[in-house]
Amino acid sequence: MIGTVFRATGHVLGAMPFLLVPMILYVIAGQFGSHEALMYGGQLPSGAYVNLTAGSGLVLIGIACLMLEALKATHTGTRGMVDQTLSIFLLGAALVAFIIVPAFGTLTFAMLLALQLADVLMAAIIGIKVARRDIGLNA
């Protein structure tokens, strides 16, 4: 099913990092409100209260996107290399924004940045494992 989604999105869109989505949503949420705005609040049967803010919602979206990125990391070829390169550029741009731009210096964006770093490292490790399998190395 996921392969069908990648083929249907076309070559360029299929190579775009999914973690770009929560980053763009972060900018949009910052323009129209606060990352601390309450999206949902409820009480658990234990009596504890659970509050879902816009920032924590973005992190949850980021985790879902990271899982999709893990599936994309198993694909070899030009699209996989383009996706990995764009992920590295996104990590660099996000890191610069986190350090320099005050609006990006939040805990929510730091967690999105950590997810992006995990994506880059995970894709490199998975790519090495897949390449070793493809050329038949057993070590």
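**Notes on the predicted model**

1. From the N terminus on, the elements of the chain run α-α-α-β-β-α-α-α, and the secondary structure comes to six helices and two strands, where helices (H or I, at least four residues) and strands (E, at least two) are DSSP runs numbered from the N terminus. This is a predicted model, in which local features need pLDDT of at least 70 and side-chain atom pairs count only at pLDDT 80 or more, whereas totals for chains, interfaces and linings use all residues. Residues are numbered from 1 along each chain as its sequence is written, and side-chain values use heavy atoms, with hydrogens and water left out.

2. Of the 139 residues of the chain, 29% count as buried, a term that stands for under 20% relative accessible area, with exposed meaning over 50% and partly exposed in between (1.4 Å probe, protein chains only). Contact here means heavy atoms within 4.5 Å; among contacts between residues at least 6 apart in sequence, 68% join residues at least 24 apart.

3. The expected span of a helix is 1.5 Å times one less than its number of residues. Helix 5 (residues 78-100) has 23 residues and reaches 33 Å from its first C-alpha to its last, close to the expected 33 Å. The buried residues of helix 4 include Gly62, Cys65, Leu66, Glu69 and Lys72, and those of helix 5 include Asp83, Gln84, Ser87 and Leu91.

4. A search of the whole structure finds two salt bridges, a salt bridge being a side-chain nitrogen of Lys or Arg within 4 Å of a carboxyl oxygen of Asp or Glu. The side chains of Lys72 and Glu69 meet in one of them (3.6 Å, N to O), and both residues lie in helix 4, three residues apart, about one turn of the helix. Asp83 forms a salt bridge with Lys72, the closest N and O atoms being 3.2 Å apart; this pair links distant parts of the chain, with Asp83 in helix 5 and Lys72 in helix 4, 11 residues apart. Lys72 counts as buried because its relative accessibility is 5%, and Glu69 does so at 1%.

5. Which side chain of opposite charge is nearest to Asp119? Asp119, in helix 6 (residues 107-135), is buried yet has no salt bridge, and the nearest such side chain, Lys72, is 7.6 Å away; in this count Lys and Arg are positive and Asp and Glu negative, while His and the chain ends are not counted. Leaving aside neighbours within four places in sequence, Asp119 is in contact with Leu19, Leu66, Glu69 and Ser87.

6. Leu91 is in helix 5 and counts as buried at 16% relative accessibility. Not counting residues up to four places away in sequence, Leu91 touches Leu113, Gln116, Leu117 and Val120. Leu91 and Asp119 are 28 residues apart in sequence and 9.2 Å apart in space, C-alpha to C-alpha.

7. Thr108 lies in helix 6 and counts as buried at 7% relative accessibility. Apart from residues up to four places away in sequence, Thr108 touches Tyr26, Glu36, Gly55 and Val59.
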